[in-house]
Amino acid sequence: MMNYTIKLIAHCCAKHATTATGSVLQGILFSLACCMHTSYVLADDGHNVALYYDPDSRQIVTEPGHNRIRLNTSPSLESLERKKQELLTIENRLDAKLKALDEKLQRLEQLESTAVTAPPVDMPAAQTQKAEPPISSTTAQSASKRPVSASYSDRGLMFSTEDGNFALRVQNRLQFRYVNPFDTDPRSLQDLQRDQAAFMVRRARFRLNGHAFRPWLGYTMQYDWSQPVLRDFYLDIARFPWAQLRIGRGKVIWNDERVTSSGRQQFANRSIVNDIFTVDRQQGLQLLGRVFPGRWYDFNYAAGVFTGLGVGERSNDDNNLMYAGRLQWNFLGEALDFSQSDLEFHEKPAASLAFAAATNRSKCTAFETDKTSCRALPGFGIGQAGQFRINQAMQEFRLKWRGFSLQNELHWKQVIDTLKASDDPIKSTHLLGAYVQAGYFPHYSIPAVPKQLELALRYAFVDPDIERPKDQQREISAAINWFFSGHANKLTLDFSHLSVEDPLLLIEQSEQRVRLQWDISF
């Protein structure tokens, strides 16, 4: 009777162990539960007989022995359920740890795979292995993916790595403009007669800038979709604030009106002075920096050497290069950014006085950022290689204080036609131009006026030949700005009174111009 009962118990345990679903551990739990519920039998004499589990033979016996486990003679369902839950909890923890270990092994395999360069399809593996030495584990880790974060400001969408060594800013800028009766600045009486009212996408630009490998190795690229041309493409090596090297295509650090982005102007466009005297964008090298910051002798400087044909041509037309330099004195100890309007609201006055000079010899007498960047001044044509020697100088003053801004520039330019005889009266032409403009946020004097409103005035003149009378061009303009979000989103309405003198007819005529512009960057 006893032997039969023990075999029946063992059979019961084995049956539950083989039919239980789930993990092996769950099968063992079901087997133990089965055995514990029938872990004692009655002997022939009526006494209880203790049961033991022998792990070596996997049998249930009635005699104690080495490694044999006595089965509970009085189990309860509650205790069995509790033990089952404890074991299940342990099992879940083990499963989680195994899963984490598997993920670490997979990442390790990925890191190891980056340490070995796969041979190209058209190159034998032996050649590749010989040319590429093994990469250390440290190098492999540095070559792995870097965590990237994203942020947004009025200058665009920024992506950067957590270590700060890589960053990319993406920005789009659009200018929608309505003009009446014309847009471009008049240079002759005929220009005043134009009747070309129009809606236009004046600018549609895509800009990328940031840094790579180190925070001081910067890059900038800008493309214009409305006038298809690569406007900027340069690298900045800015390890030290007092000496930074710029290499590539971009604006010459020359004067505020031209260097300041068209999206950060106080009017819908620059003054009538700009087209005549700008050195615009060039291809070359510039060294720039700031020395003695915060002192009364705080200075910014820029010096560059360029091809001298603008951005429309890859090669030079002769062996001559353009040279340009600028010195800016920040006599109140703060260097102003190239951005018009006192949006920052300077509690203390900030001002600068700057001087610049440039010389160039080429076929060009003026420049524009376009596919054909080399242009001719009115009265001149595109010359032969190296025909014109251009010498020019510039003086600039800027001030910002408590919502008020003031700036002026004075330009002088000499054009020498090297193909003309030295005694020719038109061998050398001298040009003079200047502008002064001011803006103010009236909210800071009259709080009832909205803070987003700015009013501005500008006066400008150009004398295309100071030796010739009655040939000046003048501009008187007023502007109203509404800043939705600083310069990143603003509406500008400006009115201009434009006059032109004719040196042959000895008369002066004028015309009014209206421009409404929405400028948005994102």
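Strands here are DSSP runs marked E, at least two residues long, and they are numbered from the N terminus. With that settled, I looked up Arg249 and found it in strand β12. I keep in mind that this is a predicted model.

**Entry 1: the whole chain**

I began with the overall count. The chain has eight helices and 25 strands. Of its 522 residues, 40% count as buried. I then looked up the surface. The accessible surface comes to about 28700 Å², and carbon and sulfur atoms hold 60% of that. Residues 24 or more positions apart account for 58% of them.

**Entry 2: a three-strand sheet**

I turned to an open sheet of three strands. Its order is β4-β3-β5, and the pairing is antiparallel. β4 (59-61) and β5 (69-70) stand at the edges, and each has a single partner strand, so one side of each lacks a neighbour in the sheet. I checked β3 as well, which covers residues 52-54. It pairs with β4 in the antiparallel sense over three bridges. Which residue of β4 stands opposite Asp54? I found Gln59 there.

**Entry 3: β12, β13 and β14**

I followed the strands on from β12. Strand β12 covers residues 243-251 and strand β13 covers residues 281-291. The two run antiparallel, joined by eight bridges. β13 is also joined to strand β14 (residues 298-306), again antiparallel and by eight bridges. I looked up one pair there. Leu288 has Ala302 in β14 as its bridge partner.

I then read the turn. β13 and β14 form a hairpin with six residues between them. Phe292 sits in that turn and has a positive phi of about 55 degrees.

Is Arg249 buried or exposed? I found it buried, yet it has no salt bridge. The nearest side chain of opposite charge is Asp232, 7.8 Å away. A salt bridge needs the nitrogen and the carboxyl oxygen within 4 Å.

What does the side chain of Arg249 reach at 3.1 Å? I found the backbone oxygen of Val311. I also listed what Arg249 touches, not counting residues up to four places away in sequence. The list includes Leu230, Asp232, Tyr234, Gln283 and Val311.

**Entry 4: Asp191**

I moved to helix α6, residues 189-192, where Asp191 is found. Asp191 counts as partly exposed, at 21% relative accessibility. The cut-off for buried is under 20%. I noted that the side chain of Asp191 reaches the backbone nitrogen of Arg187 at 2.8 Å. Leaving aside neighbours within four places in sequence, Asp191 is in contact with Phe182, Asp185 and Pro186. I then checked a residue from elsewhere in the chain. Glu511 is 320 residues apart from Asp191 along the chain, and their C-alpha atoms are separated by 9.8 Å.

**Entry 5: salt bridges**

How many salt bridges does a search of the whole structure find? I got 22.

- Arg177 forms a salt bridge with Asp183, with the closest N and O atoms 2.9 Å apart. Arg177 is buried, with a relative accessible area of 2%. Asp183 is buried too, at 13%.
- Asp280 forms a salt bridge with Arg258, with the closest N and O atoms 2.7 Å apart. Asp280 lies in the loop between α8 (274-277) and β13, and Arg258 lies in helix α7 (residues 256-259), so the pair ties together parts 22 residues apart in sequence. Both residues are buried.
- Glu501 forms a salt bridge with Arg474, with the closest N and O atoms 3.3 Å apart. Glu501 lies in strand β24 (residues 489-502) and Arg474 in strand β23 (residues 473-483), so this pair ties together parts 27 residues apart in sequence. Glu501 is buried, with a relative accessible area of 10%. Arg474 is partly exposed, at 24%.

I finished with a network. Salt bridges link Arg177, Asp183, Arg202, Asp494 and Arg515.

Note on methods:
Residues are numbered from 1 along each chain as its sequence is written. This is a predicted model: local features need pLDDT of at least 70, side-chain atom pairs count only at pLDDT 80 or more; totals for chains, interfaces and linings use all residues. Side-chain values use heavy atoms; hydrogens and water are left out. Two strands pair if DSSP finds at least two bridges between them. Helices (H or I, at least four residues) and strands (E, at least two) are DSSP runs, numbered from the N terminus. Buried means under 20% relative accessible area, exposed over 50%, partly exposed in between (1.4 Å probe, protein chains only). Lys and Arg count as positive and Asp and Glu as negative; His and the chain ends are not counted. A polar contact is a pair of N or O atoms within 3.5 Å; within protein, one must be able to donate a hydrogen and the other to accept it, and residues adjacent in sequence count only if both atoms are side-chain atoms. Contact means heavy atoms within 4.5 Å. Accessible areas come from the Shrake-Rupley method with a 1.4 Å probe; for residues, only the protein chains shown count as cover.
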